[in-house]
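Thanks for coming. I have one structure to go through today, so please look at the sequence and the model first.

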Amino acid sequence: MCSLHLLTLLPFCFFFCIFLLSALSVSSVRLPALGDNDNTNTHVPSSSVAFDPTRVTQLSWGPRAFLYKGFLSEEECDHLINLAKDKMEKSLVADNESGKSVKSEVRTSSGMFLSKAQDEIITDIEARIATWTFFPIENGEPIQVLHYENGQKYDPHFDFFRDKINLQVGGHRIATVLMYLSNVEKGGETVFPNSDSRLSQPKDESWSECAKMGYAVKPEKGDALLFFSLHQNATTDTRSLHGSCPVIEGEKWSATKWIHVRDFEKPFKQKFSRNCADENENCSKWAKIGECRKNPLYMVGNGTIIGHCMKSCNACSS
Ligand SMILES: O=C(O)CCC(=O)C(=O)O
């Protein structure tokens, strides 16, 4: 009787032992947790700070949005602010008809564009963005640093274009990475008024009234928000409507990397052996204030159309 029981228990014991062994071996592998600074388990050769997928959470599928906790170190945030702070100008928006950059009350912050690969730290951050988003570095625009003081905001808008001119350089902006460079005491949230998740996010009194109008993300120094402006089939996603709520207390620093469906650098890299000239006497002045990057179609053309300031923008060899 007793030996019969032992025989029937034998297969059970066998499987139990296998289960125990596998559980022990899994628990002995330590994955870095959120907020853990030990990045030695992951290795990305193109950026000295390892990309760590365990820090990423999915926020919404409509629009597709993800938050990376501690994407930038404190030092990287401070470095971006230091590079930008003496060069800030009133932020502009793209005019829907002409595509030109124009002043508007829709956006009351100030901002400036860094150069791509401006120094080692920027090169590193750009490499990390490429790893996270799966988009090559050349599809990205230069990083734009933004500063919002008390009451300043960016009303809800789309990052995809509605004019034909901007579309010619790199096509639509498909994704945006917003990096928060400072904490904000109150307000300054990034809000998505059309998000599918707008009604399901509980909000207490720490959120501004503006943030309560949609799905919102509180700026926290070092965090980065990635969202997509196009659906998987490359049509525009109107749920990607987003804005920066007015700052109520403190100030907000952020940095934006817009990513296009195609190579955004091509016009800059194009070397024309003929027509290496400026067509406007103001070209060198405009080039110095960053117009080659801010108004690329006019300044350097798009590889088919020759720009008006090819020489000053170093877009050709004479
Ligand atoms: O700073 C923010 O939270 C929003 C910025 C933004 O909307 C943009 O740069 O397109």
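Start with alanine 117: with 13 C-beta neighbours inside 10 Å, alanine 117 counts as partly exposed. On this scale a residue is buried if 20 or more other C-beta atoms lie within 10 Å of its own, exposed if 12 or fewer, and partly exposed in between, with C-beta atoms placed from the backbone.

Before going on, two notes on the source. This is a predicted model, where local features need pLDDT of at least 70 and side-chain atom pairs count only at pLDDT 80 or more, while totals for chains, interfaces and linings use all residues. Residues are numbered from 1 along each chain as its sequence is written.

Back to alanine 117. Its phi is near 50°, a positive value in a residue other than glycine. Alanine 117 sits in the loop between β6 (110–113) and α3 (120–133). Helices (H or I, at least four residues) and strands (E, at least two) are DSSP runs, numbered from the N terminus.

Phenylalanine 134 also has a positive phi without being glycine, near 70°. Its place is the loop between α3 and β7 (144–148). Is phenylalanine 134 buried or exposed? Phenylalanine 134 is exposed, with 8 other C-beta atoms within 10 Å.

One more backbone item: the peptide bond from glycine 62 to proline 63 is cis, with omega near 5°. Proline 63 lies in the loop between β1 (56–61) and β2 (64–68).

Now the sheet. Four strands form an open, antiparallel sheet in the order β8-β14-β11-β12; two strands pair if DSSP finds at least two bridges between them. At the edges are β8 (154–157) and β12 (215–217), each pairing on one side only. Between β8 and β14 (residues 242–244) there are two bridges, in the antiparallel sense. Histidine 157 has histidine 242 in β14 as its bridge partner.

Histidine 242 brings us to the ligand. The residues around the ligand include Tyr154, Asp159, His242, Gly243 and Ser244; a residue counts as near if its C-beta atom, placed from the backbone, lies within 6 Å of the molecule. Which strand gives the largest share of this shell? That is β14, with three residues. At least two shell residues each come from β9 (173–180), β14 and β16 (252–260).

By class, the shell has three nonpolar, seven polar and one charged residues. Here Ala, Val, Leu, Ile, Met, Phe, Trp, Tyr, Cys and Pro count as nonpolar, Asp, Glu, Lys and Arg as charged, and the others, Gly among them, as polar.
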